[in-house]
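User: Could you take me through this model? I would like to begin with helix geometry.
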Amino acid sequence: MAIKTVSGMAASRARKLVITKTSLRAPKQDVQYWRSQPYATRLAALEEIRHDYHLWKYGAEPRFQRVYSITKR
């Protein structure tokens, strides 16, 4: 049984759990689906996955590090 989480690209970021039962021998449809999507949609999905990973792994939003530079006058 495969468990997939489907989410819209809406600002609310609400998630709906969808469970589908498939055979392990069935051909994979994911590659065909993502290749048929426009570049902007694929990039938005990748950014959402990256964001969710950082929240899960580090418990915070990723941010730029502070950079300090000391200059002589």
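Analyst: The expected span of a helix is 1.5 Å times one less than its number of residues. Please keep in mind that this is a predicted model.

User: How many residues does α2 have, and what distance does it reach from its first C-alpha to its last?
Analyst: Helix α2 has 20 residues and reaches 28 Å between those two atoms, close to the 28 Å expected. The helix covers residues 39-58.

User: What follows α2?
Analyst: Gly59 comes next, with a positive phi near 70°.

User: Which residues of α2 are buried?
Analyst: The buried residues are Ala45, Glu48, His51 and His54.

User: Turning to charges, how many salt bridges does the structure hold?
Analyst: The structure holds one. It joins the side chains of Glu47 and Arg50, at 2.4 Å from N to O.

User: How are Glu47 and Arg50 placed in helix α2?
Analyst: They are three residues apart in α2, and therefore separated by about one helical turn.

User: Is Glu47 buried or partly exposed? And what about Arg50?
Analyst: Glu47 is partly exposed, with a relative accessible area of 40%. Arg50 also counts as partly exposed, at 33% relative accessibility.

User: Now the surface. Which residues make the nonpolar patch?
Analyst: Tyr39, Leu43 and Leu46 make a nonpolar surface patch of about 350 Å².

User: Is Leu46 buried or exposed?
Analyst: Leu46, which lies in helix α2, has a relative accessible area of 52% and is therefore exposed, since the cut-off for that class is over 50%.

Terms used: Residues are numbered from 1 along each chain as its sequence is written. This is a predicted model: local features need pLDDT of at least 70, side-chain atom pairs count only at pLDDT 80 or more; totals for chains, interfaces and linings use all residues. Side-chain values use heavy atoms; hydrogens and water are left out. Patches are made of residues with over 30% relative accessible area and no salt bridge: like charges are joined within 9 Å, nonpolar side chains (Val, Leu, Ile, Met, Phe, Trp, Tyr) within 5 Å. Accessible areas come from the Shrake-Rupley method with a 1.4 Å probe; for residues, only the protein chains shown count as cover. A salt bridge is a side-chain nitrogen of Lys or Arg within 4 Å of a carboxyl oxygen of Asp or Glu. Helices (H or I, at least four residues) and strands (E, at least two) are DSSP runs, numbered from the N terminus. Buried means under 20% relative accessible area, exposed over 50%, partly exposed in between (1.4 Å probe, protein chains only).
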